[in-house]
Every structure is written in structure tokens, then in C-alpha cells.
Amino acid sequence: MVKPTVGAVVLAAGKGTRMKSSRPKVMIPLLEEPILYYPLKALSGVPFLQDIAVIVGWKKEEVESYLRVSWPQVVAITQEQQFGTGHAAQIASSWFSKYDHVVIMPGDVPLVESETLKSLIEEHVEKCSDGTFLAFCPSEVKGYGRVIVLDGKVRIVEEKDATEEEKKVNLANAGIYVFKTESLIKALGEISNNNAQGEYYLTDVIELLSMKGKAVRVKVLEDPSEAKGVNSPSQLIEASETMRVKIIRKHLENGVRCDDFASLWIGPQVIIEPDVRLAPSVQLWGKTFVSCGSEIGSYSVLRNVQVGPKAVVKEHVVLENSSVGEGATVGPFAYVRESSVIEKQAFVGKFVEIKKSKIGRGSKVPHHSYVGDAEVGSNTNIGAGTITCNYDGKKKNKTVIGDNCFIGSDTMLVAPVTIGDGAYTGAGSVITKDVPPGNLAIGRAKQKNIEGWIKRREKRGEEI
Ligand code: UD1
Ligand code: CA
């Protein structure tokens, strides 16, 4: 038998009025990824799903540009005016008509798992259904469509259209469906907007199919939290908390140790190897990768950072789009950003900012320094208070420091400037010219001691 083809449509054109945000709802971050990331990730994990399309509409530019950058294989379909979920499906029908079956799901249900979607599709295909959808028993049913099963017929009634009796039903529509494409297209031609919201409801398709004696199945979710919708800021924080706990548990199972569950924040794309220790109040975001045996200290925030094995990130460190090599130490109180590379065994210490720079193997920047647009070789020591003066008011200039150098405390390295291998600079120097390898450079006013100065002043009766 030829395997049936399956496409998926994510509905994301709505304004998300209840969120009261100026941004499209699906672009609002949940653990620092747009809400839309989650349904797309869940769908991408379904092995036999061919293609995914997203319905965009309200402020579509922001959604489209996110899709272009992060999901280039996903198709965007525009719904100019948002006349309801059924209308959105009608607009998508020319795209999904090429598949035997189509999954339709909302962009604002971030907690659903790939495994759940996979078994929903499998069951639908195996049982030759015309439509199969997910239902759940939430702790708070208010706001969801109610699933009414009566005399073998199924229908979904929206909260705003429900009678008092129907509102008491605790079985909610998750908004996630799989349809036989042919059956869906026919039914979509028959829905009307004769309801409390004046919208074309996708939910009406279920009733239409069921009334016609087509095979409609309801699959009730074992874990109702998977179907939590995000319509308001309070539902956003609820979903975020459920997702946060889910992510941390997954890492704990993999051998990551954390001291305080409650204050730990880990984004969905973060990878952590076993035997890593995370102190209280750590935040790991984006595509951060932490290798085995490393430690991340309290109040440190890592965003798109690669941490090598056995590295130590101490307390209060902010690392962004950078990497920390094997056995290196950073912090406390350091800020490392913009593609900086802290190589193996290097040390970046207290109150140090590193920007777009490489700190070579075994080199040290222990205290109060700014290193920007610089390349530091291996086993070099950068004294306290050293600054790369990288900006001349117009452009950024490069500082190159070789291997085995000793940069005296409070050296100003006026870039562009190169310090050769093994060179030294005297403390307090302003270095404006290149220093050849092995030289000592001193660029400061010569010290003058004035003999007897204090005594002479006392004689004049001046106060000291
Ligand atoms: C919908 C269901 C409801 C279900 C709930 C589950 C309908 C009529 N109701 O209600 O039964 O319990 O989801 O979470 O389907 N959208 C478009 N175009 C539009 C309108 C909406 O793309 O014209 C998108 C929205 O951006 C959103 C999704 O469809 O991502 C769902 O719309 P929303 O208004 O949130 O529906 P609910 O009221 O939550
Ligand atoms: Ca919703």
C-alpha cells in the first residue's frame, strides 16, 4: 500500500486581542522563543509529515521574517482579513489539497508533544476517519469550545454560543485536528458565520461531517496540560511554567544536577551534557550548549553560548553568542559578548568585559578590564585595569596581543596596535605604537620626586 501523504497547517493569523500586545500573539516569547516555535517544533518531530504551512495575517511581516530566518522550509500563507478559524482553513485549502490528509492546529497551543500528534495522525489514518481531533478535560474549561457527544454524533460549541447546560460540559476542544483532505474541503464549503462572533468556525466542520454520517473521532488527551491555549498574559505564564518544569525534568533525567528547581530557567533549544551542575538562579537560553563536567554559578545568564568540558562559569556572569573552552573560568561579575572566544584553560575574572575578542589558551584577564575587538595569544597576562581603546570616534580598530605577553596594570592599548610575542608593557602605559616581540614598552610620564617639598610647605605655615 502506498503511504498516505500528510501536510500540516498552523493557524497564526489572529490578532490575539486578549493578550493586549502590539505584537502578533504567536511572536510573543515563551522561554525566549516565540510561541509559534513550539507547534512548529512539535510538528517537525512527526516523522511522516511532509510539509508545514503557517497562516499569517495580522502584522504578518514579523511572523514572516521569523519563518524566513528560523523555519525556511515552512510555507507562509496570507489570510488578509481574519474571519475565523474556518475561514483560515478555507484560504489554506488550495495549498493542502495536494495531501491525502491535513493536520490543522492553532499557533497558540505550545505544549503539545510530537508523540501526541504522531499517534493522533496514526489513529486517524488507521481507522480511515474523515476527521479526528483532540479533546481534553481542563481544570478551568472557561473559554474553550465544548465537545458535545450525543446519540453518536459529535459537535463543538464555542463558549460564546453555548447554553448554560452546554457550558457545564468539561470536555474541551484542543483545536488540533486531522482531516481527510477531501472531506474537509467539502465541509469547508458549507460552513456559515451565523454565530455569536460572526466568524467562520473550523469547529463547525466537525458537526457537519458527523451529521452526514462521516467518521469523526474524538481522542481525549491523557495529559490535559498539553492542550493549554495561550490567549492572555496569565495563560502565557501558566504555559511557560509548565514548559519550564518539563524542560528541567528532561535535563535532570539526563544527569544534569541543579540546586534549586524553582529559580532555574532553561530554554527549549538548550543542550546540556550529563554531570553539569547548575547553581540556583541560573538562566540558559537560545542555542546554548553546556559540556559535561561544567559548572554554572548563581545569577549567570548564558544566551547562545558554547561551554566546553569542565569549564567554570562563576556567579553573576552574562555570556552572549560566545564560547568558553575546556577548563576555562569566567567570573564572577563578567560580561562576555559578540562572538568572543575564551579558549581552553583561559581565565576571565572580576568586572571584566570581553567584546568580539579571542582570549587565547591559558591567558588571563583577571580584573577590571575591557577587551574589545582584540586577539590575545596564549599564556598572556593582562593586568588589572587594562583597556583596549578600540573606538576612535568613527570606527572600531583591532588590538593584537601575542603569546606569553605581560600587559602591565592600567595599560591603555590605543588600537590599531600590535604587541609582539613575549613583549611587556609598563603599568600605566598608553601604548600607541606597535611593540616588537620581546620588548618592554613604557609610555607614561617619567616620575619626578621633589626632595624636601613637605618640610618647605610646613615652614610656610601651610596646612597639610
Ligand atoms: C479555538 C476553538 C475552540 C478551542 C480553542 C483551543 C474555534 C472557533 N474555536 O478557540 O473550540 O477550544 O481554539 O485552543 O476554532 N486564527 C487565524 N485566523 C482567524 C482566526 C484565528 O489564523 O481568522 C488563528 C489564531 O491566530 C489562533 C488560532 O487560530 O492561533 C485559534 O484562534 P483563537 O481566536 O485563539 O481561538 P479560540 O477562541 O482560542
Ligand atoms: Ca486560542
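Mentor: Start with one pair of residues: Ile104 stands opposite Tyr177 in S10. This is a predicted model, so keep that in mind as we go.

Now widen the view to the strands. S6 and S10 are antiparallel partners, and four bridges join them. Within that pairing, Val103 faces Val178 of S10. Strand S1 covers residues 6–11 and runs parallel to S6, with six bridges between them. So which residues of S6 point one way, and which the other? His101, Val103 and Met105 point one way. Val102, Ile104 and Pro106 point the other way. In general, side chains in a regular strand alternate between the two faces of the sheet. Buried here means under 20% relative accessible area. By that cut-off, six of the six residues of S6 are buried.

Move across to S10. This strand spans residues 172–180. Eight of its nine residues are buried, so S10 counts as mostly covered. S10 also pairs with strand S7, residues 131–136. That pairing is antiparallel and has five bridges.

Next, follow the chain to the calcium ion, ligand 2. Asp108 (OD) and Asn231 (OD1) coordinate the ion at 2.3 to 2.5 Å. Where do these two residues sit in the chain? Asp108 lies in the loop between strand S6 (101–106) and helix H4 (114–126). Asn231 lies in the loop between strand S11 (216–220) and helix H8 (233–253). The two are 123 residues apart, so the pair links distant parts of the chain. Asp108 counts as buried because its relative accessibility is 14%. Asn231 counts as buried as well, because its value is 12%.

Finish with two helices. H6 holds residues 181–188 and H7 holds residues 203–211. Their axes come within 9 Å and cross at roughly 105°. That angle makes H6 roughly perpendicular to H7. On the H6 side, the contact is made by Ser183, Leu184, Ala187 and Leu188. On the H7 side, Val205, Leu208 and Leu209 make the contact. By class, six of the contact residues are nonpolar, one is polar and none is charged.

Notes: Residues are numbered from 1 along each chain as its sequence is written. Chains are lettered from A and ligands numbered from 1 in the order in which they are written. This is a predicted model: local features need pLDDT of at least 70, side-chain atom pairs count only at pLDDT 80 or more; totals for chains, interfaces and linings use all residues. Side-chain values use heavy atoms; hydrogens and water are left out. Donors are N, O and S atoms within 2.8 Å of the metal (3.2 Å for Na, K and Ca); water is not among the atoms, so sites may look incomplete. Buried means under 20% relative accessible area, exposed over 50%, partly exposed in between (1.4 Å probe, protein chains only). Axes are lines fitted to C-alpha atoms, for helices over the stretch in contact, and angles run from 0 to 180 degrees between N-to-C directions. Angles under 35 degrees count as roughly parallel, over 145 as roughly antiparallel, 65 to 115 as roughly perpendicular and the rest as oblique. Contact means heavy atoms within 4.5 Å. Ala, Val, Leu, Ile, Met, Phe, Trp, Tyr, Cys and Pro count as nonpolar, Asp, Glu, Lys and Arg as charged, and the others, Gly among them, as polar. Two strands pair if DSSP finds at least two bridges between them.
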